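Please look first at the sequence and the three-dimensional view shown below. The paragraphs that follow lead through the helices, the core and a few individual residues.

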Amino acid sequence: MSEEALKNILLWRWSTAMQLASLVMITVFFAVLGRSKRVELRWWARAWMANLAALAVTLLYWYLRPPWLVGRFAAGLYLGGKLAFVLLLLQGAWSLVHPGTLLLRRRQGIFAVAGYTAIGILFLTGVEPLGLVHHFVIGALFAAGAWVVL
């Protein structure tokens, strides 16, 4: 492995570890808030836990550098966790504006997360394509979610 490639991997590891450290603090904060009677806070606590799980998979990927097939499953798990994060966050916002109702049924959310995970495993074969697709989908969902909730 070249010196430049090794530097890039070390940078990815460091960057991901720092993001994970921040995310742990946010997740603990929302986990404590989620113990309240406020429904939206419980949804948001679950969202941050899903985000933490997705980033933990990423950190493991960069430290372990698994074989290709295991890396594909890691990509899928990352995407599934991130989609769960967005859907749960939007559900919390929906619950705040429309108490007692659901934006998505559980089955719909599970189907969406499973489908997005499968897409990641089957079709996104590198970090760059995964990042491009992921950021576009997440951005579009947040934009659509804001439109629907507001």
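A salt bridge is counted where a side-chain nitrogen of Lys or Arg lies within 4 Å of a carboxyl oxygen of Asp or Glu. By this rule the structure has one salt bridge. The side chains of Arg38 and Glu40 form it, with 2.4 Å from N to O. Glu40 is buried at a relative accessible area of 7%, whereas Arg38 is partly exposed at 45%. Here buried means under 20% relative accessible area, exposed means over 50%, and partly exposed lies in between (1.4 Å probe, protein chains only).

The model is a predicted one, in which local features need a pLDDT of at least 70 and side-chain atom pairs count only at pLDDT 80 or more, while totals for chains, interfaces and linings use all residues. Residues are numbered from 1 along each chain as its sequence is written, and side-chain values use heavy atoms, with hydrogens and water left out. The pLDDT is the predictor's confidence in each residue, from 0 to 100. Its average over the chain is 94, and 100% of the residues score at least 70. Confidence is lowest in helix α1 (residues 3-33), with a mean of 93, and highest in helix α4 (residues 106-123), with 96.

Helices are DSSP runs (H or I, at least four residues), numbered from the N terminus. Helix α2 (residues 39-64) has 26 residues and spans 38 Å from its first C-alpha to its last, close to the expected 38 Å; the expected span is 1.5 Å times one less than the number of residues. Just after α2 comes Arg65, with a positive phi of about 45°, a positive value in a residue other than glycine. Arg65 belongs to the loop between α2 and α3 and is partly exposed, with a relative accessible area of 38%.

Which residues of the largest nonpolar core touch the most other members? They are Trp48, Leu79, Phe85, Leu89 and Leu130, in a core of 29 residues. Two or more residues come from each of α1, α2, α3 (68-97), α4 and α5 (127-149), and α3 gives the most, with eleven residues. Such a core is a set of buried Ala, Val, Leu, Ile, Met, Phe, Trp, Tyr and Cys residues joined through side-chain atoms within 4.5 Å.

Leu6 is found in helix α1 and, at 42% relative accessibility, counts as partly exposed.
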